[in-house]
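User: I would like to know how the labels for this structure were assigned. Please set the values against the definitions.

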Amino acid sequence: VEGATSPVAGFILLGLSAHPRLEKTFFVLILSMYLVILLGNGVLILVTVLDSRLHTPMYFFLGNLSFLDICYTTSSVPLILDSFLTPRKTIPFSACAVQMFLSFAMGGTECVLLGMMAFDRYVAICNPLRYPVVMSKAAYVPMAVSSWAAGITSSVVQTSQAMRLPFCGDNVINHFTCEILAVLKLACADISLNVISMVVANVIFLGVPVLFISVSYVFIIATILRIPSAEGKKKAFSTCSAHLTVVVVFYGTILFMYGKPKSKDPLGADKQDLSDKLTSLFYGVVTPMLNPIIYSLRNKDVKAAVRNLVRQ
């Protein structure tokens, strides 16, 4: 509301309150997917810790990815499920800041971690003899730690900048969670600095890892094509196919979310709004749910480790 200067104590999350018939269906669907995420990623973490054959850089990164996916979904899914049960859910300002920080930190960390995993596959396939030296514990642990540090640092910057803005008047977030862009729209101040900061963060956390992963896979594919036997080619590709699939799913969903054209038709705006919300909702749960499935389906070591765990 123009002219209102009283600061906002909290925000109202609209969620799917405009579509009450969808709320119960999506509650069951998202809850089921969340349970699959906890189970699948929990089992992956367990086997990478307990099975000594999986104490390698690739599975160490995979354990990190699974933990990341559990943290990422736990920062938003309980809030989303609550919003389905409570129409126009109110969330305190501080809780909104924490949720925004966690989801931004986990998203940034995953981008960097996928880049680190691409480097691991590059060394394993292009320089197999040097792999134990290059990817020693003294290298891969700091690589994982720096991924977390980069994601958390970026999130501290973005969240603190967003939360320092004055919010007065309209406090209705047209989303399921405190999604940073949806929150910035409500600020009654100039947000151009925030937008520039987010563009820089997107270039660093989306552009740089994508470029790095692409270059790594150009070298990987070139090396695989030089392997004389068909069996050798198949074996080499199978070691990186799971990572490549995860990368395609992760970045493909982001491109689909932010790259599709906006509706110019005012009547289509409501449908567009609903489709944007549902896309971001599924992006938040589909990728973390698919990661353990992709890695266990495409990996004999993980399958064997899971079987051993079940037998125990």
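Predicted model: local features only at pLDDT ≥ 70, side-chain atom pairs only at ≥ 80, totals over all residues.

Analyst: Residues are numbered from 1 along each chain as its sequence is written, and side-chain values use heavy atoms, with hydrogens and water left out.

User: What makes E1 and E3 a pair of strands?

Analyst: Two strands pair if DSSP finds at least two bridges between them, and two bridges join strand E1 (residues 10-13) to E3. The pair therefore meets the criterion. E1 and E3 run parallel, and Leu13 stands opposite Ile173 in E3. Strands are DSSP runs of E, at least two residues, and helices are runs of H or I, at least four, numbered from the N terminus.

User: Why are E2 and E3 called edge strands?

Analyst: The open sheet has the order E2-E1-E3, with mixed pairing. Strand E2 (89-92) and strand E3 (172-173) each pair on one side only.

User: What is the angle between H4 and H6, and how is it defined?

Analyst: H4 and helix H6 (residues 137-163) pack at about 145 degrees, with axes 7 Å apart. Axes are lines fitted to C-alpha atoms, for helices over the stretch in contact, and angles run from 0 to 180 degrees between N-to-C directions; contact means heavy atoms within 4.5 Å. Helix H4 (residues 93-126) also lies across E1, E2 and E3, at about 85 degrees to E2.

User: How do you know that Cys96 and Cys178 form a disulfide, and what is its handedness?

Analyst: A disulfide is a pair of cysteine sulfur atoms within 2.5 Å, and the S to S distance here is 2.0 Å, so the pair qualifies. The torsion about the S-S bond is about -125 degrees, so the disulfide is left-handed. Cys96 is in helix H4 and Cys178 in the loop between E3 and helix H7 (180-184), 82 residues apart. A search of the whole structure finds one disulfide.

User: Which residues does UniProt list as "transmembrane region"?

Analyst: The unreviewed UniProt entry lists several spans, including 26-47 and 139-157; such annotations may be inferred rather than shown by experiment. In the model, residues 26-47 are 100% helix, with end C-alpha atoms 31 Å apart. Residues 139-157 are 100% helix, with end C-alpha atoms 27 Å apart.
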